[in-house]
Amino acid sequence: PCRERRPPALDPRARHRLMAAYLPARCPRGLHMMKATASTQVTFDYADEADAGRKFAVALTLGPVVNALFANAPMYAGERTGFVSFRGHVWHGMDPDRSGLLTELLAGELTFERWVEFVLDVPLLLLTAGEGLLPAPGVTFRQFLERGIDGRFPTGHDWDVHLSTVFTEVRLKQFLEVRGADATPAPLALAVPAVWKGLLYDAGALAAATELARNFEPEELRPLSEAVARRGLRCAHRGDPLTAWCHEVVAIADAGLRRQGEDAGFLDPVRELLEACRAPGELWPPGAGVAEVLAACEYAAG
């Protein structure tokens, strides 16, 4: 849908140089992901393993619905792409070993053990070497743990680095990381943590969100996410407009924020989008060039 152009230069860090050498062999748009996509990623605490599992499952399942509210990447290389979120489209084609919706983890209780088992079988993308990094040696972390590499076995630091190369929509560390919303200008960007805090940090809201998530089967998430990338809020789920599901998500988040004593006004920009039934990526001026787009997306100081 758009003419291919060379993306901008890489971040000069060794990590990015090694990723740039590895990812194109696994996915055709690996470099485009690295150089030309940006998201609003938010992190949340959890109380214990059960709480982490509940929050992880809700964030993963309702992610496509929430991401539709922030779909904001209609252009690539200065041209319209036909997608409301071309970033979302690019990410659907990322390295399947380490990216995606992890729908297989939604069958049954989501535990630390199941998450670790998944991460152990992800191939190494980087190998630490003192303070430096080396190219991927073609083994999974599990093989590194069981057999070692050149007589060396992994440390906790190796595990942390490996976790940082798992690019799933939701990622579990000592905190929960939700990664799927496109980057947007303020104040809409502030609505991303507000939505998720409203859903995840209040017991009643988390229970309501868990119940709502039952309407989204694991096998439905990928097609829905792909539809959101192309059409934003102008798609449907189970015969109902996606905006109807979004209204339910926002209502649960609003109630959750209020019970936490938080300002539910952070959700107002999302409500405005729902009233217009248009994602932010549909509101860019027709014919706008790169300069106008950058000006529209600029964060105001203070």
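**Loop with P187.** I started at P187, which sits in the loop between β9 (176-182) and α8 (188-200). Helices (H or I, at least four residues) and strands (E, at least two) are DSSP runs, numbered from the N terminus. I checked the peptide bond there: A186 and P187 are joined in cis, with omega about 5°.

**Ground rules.** I noted that this is a predicted model, where local features need pLDDT of at least 70, side-chain atom pairs count only at pLDDT 80 or more, and totals for chains, interfaces and linings use all residues. Residues are numbered from 1 along each chain as its sequence is written, and side-chain values use heavy atoms, with hydrogens and water left out.

**Positive phi.** D150 has a positive phi of about 55°. D150 belongs to the loop between α6 and α7. I found D150 exposed, at 81% relative accessible area. The scale: buried is under 20% relative accessible area, exposed is over 50%, and partly exposed is in between (1.4 Å probe, protein chains only). R238 also has a positive phi of about 55°. R238 is in the loop between β10 (236-237) and β11 (240-241). I read R238 as partly exposed, at 45%.

**Helix α7.** Next I took α7 (residues 156-163). Its buried residues include D158, V161, H162 and L163. What covers them? I listed among the cover α5 (112-120), β5 (126-129), β6 (132-135), α6 (141-147) and β8 (170-172).

**V170.** I moved on to strand β8, where V170 lies. V170 is buried, with a relative accessible area of 1%. I counted contacts as heavy atoms within 4.5 Å. Leaving aside neighbours within four places in sequence, V170 touches F56, A59, L60, L102, W115, L176 and E177. I also checked a pair 115 residues apart along the chain: the C-alpha atoms of V170 and K55 are separated by 9.9 Å.

**Aromatics.** I searched the whole structure and got 10 aromatic pairs. Rings of Phe, Tyr and Trp (its six-membered ring) pair if their centres lie within 6.5 Å; planes under 30 degrees apart count as stacked, over 60 as edge-to-face and the rest as tilted. W91 and F167 pair edge-to-face, at 6.2 Å centre to centre and 85° between the planes. W91 is in helix α4 (residues 86-92) and F167 in strand β7 (residues 167-168), so this pair ties together parts 76 residues apart in sequence. I found both W91 and F167 buried. F56, W115 and F118 make up one aromatic cluster. Two of these names were already in my V170 contacts: F56 and W115.

**V293.** I then went to helix α13 (residues 290-296), which holds V293. V293 is buried, at 12% relative accessible area. Not counting residues up to four places away in sequence, V293 touches M75, W284 and A288. I took the C-alpha separation of V293 and M75: 9.5 Å, for residues 218 apart along the chain.

**Whole chain.** The chain has 13 helices and 11 strands. Its radius of gyration is 20 Å, close to the 19 Å of the globule rule for 302 residues, so the chain is as compact as a globular protein of that length. I took that radius over C-alpha atoms; the rule is 2.2 Å times the number of residues to the power 0.38. The C-alpha trace spans about 60 × 45 × 40 Å along its principal axes. Of the 302 residues, 50% count as buried. Among contacts with a separation of 6 or more, 72% come from residues 24 or more positions apart.
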